[in-house]
Amino acid sequence: MKNDTILVTGACGQIGSELVLSLRKIYKNVIASDLKEPSAELKESGEFIRLDALYKNGLADCVKRFNVTQIYHLAAILSATGEKNPEMAWRINMKGLRTILDVSVEAGIKKVFFPSTIAVFGPTTPKINTPQLTVMEPNTIYGISKLAGERWCDWCFQKKGLDVRSLRYPGLISYKTKAGGGTTDYAVDVFFDAVENKKYECFLKEDTILPMMYMPDAIRGTIMLMEAPAEKMSMRSGYNFSGTSFAPKDVAAEIKKTIPDFSMSYKPDSRQVIADSWPQSIDDAVAQKDWGWKPEFDLPLLTKDMIKNIEAMHLV
Ligand code: NAD
Ligand code: AKB
């Protein structure tokens, strides 16, 4: 077991609830923190504290009290919720990150993880195999806040010497915790509805292709990035990070191979406009070259695994 003490903010969310458990297999001390009540699994497997990531004194006290050496800053408001409440999204996403970066510099934190997103790209970005360095004109508050966040991370590395690392996650698919207010949430909800009701009404059009990734790949990639030697990092903003790409009709066809009477209907809502502004596929050649990234799950593999695990949860 490694000795570093890790603090995870936003630990009760879709990523945190799995990332904390994986980090606890590697590190002796992983402190999960959130405003929300943790799951029994999170609470019983290690330290949990209630912490507002925007509250600098509370954060600084926690870092000092536990001798924190690494921070994974997951707390944020996602795209769809952010468009409904732009002020709140800007405040939580920007002030949260600034607080983490300031405390990290002041306390001499060794490494910081900042989750960026494909939402940093916008309608003027090339949509297919979006390169690492390209036009970035996001038109959601979420994307604007994450792009500004990437620039802050790069600035803190250049000017303050802070070892900040970041991934531009695609839509993440998981069964342990449902998605929390994004545009790609359909790709999680569809599996639960397929198992429970054999039908799903999708809020995106059937042919809307988006970059996606299965959670085990996302967790493995995050830990690979954070464990890689600092001299391998050529990007201090956010690495393009690719899993697979598909449209709602592709998931429906894949689910039908296991649940033949499954049916999907379509009723696009305001999230369609957000999805239309994002890339369809991501070129992550720089992540492959710098720290050896390679995904394991494609659509058929993740579909089988999601259905198997959701069915098993329903048997308990
Ligand atoms: P989530 O919405 O599921 O979880 C976020 C957590 O942050 C919640 O538990 C919430 O209670 C907590 N939180 C919110 N405000 C807080 C505050 N002020 N102080 C402390 N905690 C607070 O989000 P997620 O899907 O787990 O995403 C985690 C990070 O990864 C976010 O920064 C998100 O932008 C990024 N990301 C996620 C995806 C995805 O598909 N899940 C894709 C790209 C990027
Ligand atoms: C969202 O849809 O907002 C997130 C993301 C891709 O950042 N899943």
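Where does Val68 lie? Val68 is in the loop between helix 3 and strand 4. The model described here is predicted. Two ligands are present, and each has a shell of residues around it: 27 residues for ligand 1, and a set that includes Leu78, Ser79 and Trp278 for ligand 2. Ligand 1 sits in the largest pocket, and ligand 2 sits in the largest pocket as well.

**Ligand 1**

- Among the 27 residues around ligand 1, those that come nearest are Gln14, Ile15, Asp34, Tyr142 and Lys146.
- Sorted by class, the shell of ligand 1 consists of 16 nonpolar, seven polar and four charged residues.
- The side chain of Asp52 has an N or O atom 2.9 Å from a nitrogen atom of ligand 1.
- A polar backbone atom of Leu74 is 3.0 Å from an oxygen atom of ligand 1.
- A polar backbone atom of Leu172 is 2.9 Å from an oxygen atom of ligand 1.
- On its own, ligand 1 exposes 830 Å², and the protein buries 92% of that area.
- Strand 5 contributes the most to the shell around ligand 1, giving three residues.

**Ligand 2**

- The residues around ligand 2 are Leu78, Ser79, Thr117, Ile118, Tyr142, Gly182, Thr183, Thr184 and Trp278.
- By class, four residues in the shell of ligand 2 are nonpolar and five are polar, with no charged residues.
- An N or O atom in the side chain of Ser79 is 2.5 Å from an oxygen atom of ligand 2.
- The side chain of Thr117 also has an N or O atom beside this ligand, 2.7 Å from an oxygen atom of ligand 2.
- For Thr184, a polar side-chain atom lies 2.8 Å from a nitrogen atom of ligand 2.
- Ligand 2 has 250 Å² of accessible area on its own, of which the protein covers 93%.

**Loop residues**

- Asn67 is in the loop between helix 3 (56–66) and strand 4 (70–73).
- The phi angle of Asn67 is positive, about 55°, although Asn67 is not a glycine.
- Asn67 counts as exposed because its relative accessibility is 58%, and the cut-off for exposed is over 50%.
- Val68 is in the loop between helix 3 and strand 4, and it counts as buried because its relative accessibility is 7%, where buried means under 20%.
- From C-alpha to C-alpha, Val68 and Tyr186 are 36 Å apart in space, and they are 118 residues apart in sequence.
- Asn129 is in the loop between strand 5 (111–117) and helix 6 (141–160).
- Asn129 is not a glycine, yet it has a positive phi of about 50°.
- With a relative accessible area of 46%, Asn129 is partly exposed.

**Buried residues in helices and strands**

- Thr9 is in strand 1, which covers residues 2–9, and its relative accessible area of 1% makes it buried.
- The side chain of Thr9 makes a polar contact of 2.8 Å with the side chain of His73.
- Val251 is in helix 9, residues 248–258, and it is buried, with a relative accessible area of 0%.
- Val251 and Val190 are 61 residues apart in sequence, while their C-alpha atoms are 8.4 Å apart in space.
- Gln272 is found in helix 10, which runs over residues 271–276.
- Gln272 is buried, at a relative accessible area of 6%.
- A polar atom of the Gln272 side chain lies 2.6 Å from the backbone nitrogen of Lys205.

Methods. Residues numbered from 1 in each chain as written. Chains lettered and ligands numbered in written order. Predicted model: local features only at pLDDT ≥ 70, side-chain atom pairs only at ≥ 80, totals over all residues. Heavy atoms only, no water. Helix = DSSP H or I, 4+ residues; strand = E, 2+ residues; numbered from the N terminus. Buried < 20%, exposed > 50% of the residue type's maximum accessible area, 1.4 Å probe, protein only. Near = heavy atom within 4 Å. Polar contact = N/O pair within 3.5 Å; in protein donor to acceptor, adjacent residues only side chain to side chain. Areas by Shrake-Rupley, 256 points an atom, 1.4 Å probe, with all protein chains shown as cover. 1 Å grid on protein atoms, 1.4 Å probe; cavity = no way out; pocket = protein on both sides within 12 Å on 5 of 7 lines; lining within 4 Å. Sits in = over half its atoms within 2 Å of the grid points. Nonpolar A, V, L, I, M, F, W, Y, C, P; charged D, E, K, R; others polar.
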